[in-house]
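Hi everyone, thanks for coming. Let's look at one chain together, and then pick out a single residue in it.

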Amino acid sequence: MELQVDEGMLIVASALRLAMKNLLVVRALRDRVDYDEGALVAALKTEIGELIAEKEEESARLEKVLHRARRRKGWASWHDDYRQQDVPVLELRAEITRRLLDRLRTLIDDPAFLRDELAGARDAALDDIVGARLAPSTPAAMDPQYPEQRERRLELLRRDLDQLRLRTW
């Protein structure tokens, strides 16, 4: 069980790092905002808080499902028609969820974890930004008008990011 919880935390940490990397890129390119560790730590805590709320809902749902499954005999009629024979697996899922919740509740106030996640996100964002800047496509690098059109292209990118933000946030 601990291995599954550890793997779950690796997935959580990866998702948090990706969310923060995306925020850093958007803040740098679209908003032209300087790096502000305080604001970014607050945003990371918000991400973790949302994940905690999601896991709490999942835990409550699993408890209800377990309660029903314990009273139901026979074979399932559909994919989430849990019965008595499903109880051990559901109990395992519920316990893993509880342990993940415990870890997340601890990590939301762990300055070392927050700094490490933010540092990983910052490094990934810098890699993306620098990589995009230093590795233009061959035709763009050979186009004499590329430097003149750079600002227009960045503005188009900012507009695309704004449209994506409106669709996903």
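First, a term: helices here are DSSP runs of H or I with at least four residues, strands are runs of E with at least two, and both are numbered from the N terminus. Please keep in mind that this is a predicted model, where local features need pLDDT of at least 70, side-chain atom pairs count only at pLDDT 80 or more, and totals for chains, interfaces and linings use all residues. Residues are numbered from 1 along each chain as its sequence is written, and side-chain values use heavy atoms, with hydrogens and water left out.

So what does the secondary structure of the chain come to? Six helices and zero strands. Along its principal axes, the C-alpha trace spans about 75 × 40 × 25 Å.

Now for our residue, Asp-81. You'll find Asp-81 in the loop between helix 2 (37–71) and helix 3 (87–107). Is Asp-81 buried or exposed? Its relative accessibility is 1%, so Asp-81 counts as buried; buried means under 20% relative accessible area, exposed over 50%, and partly exposed in between, with a 1.4 Å probe and protein chains only.

What does the side chain of Asp-81 reach?

Finally, leaving aside neighbours within four places in sequence, Asp-81 is in contact (heavy atoms within 4.5 Å) with Arg-72, Trp-75, Ala-76 and Asp-86.
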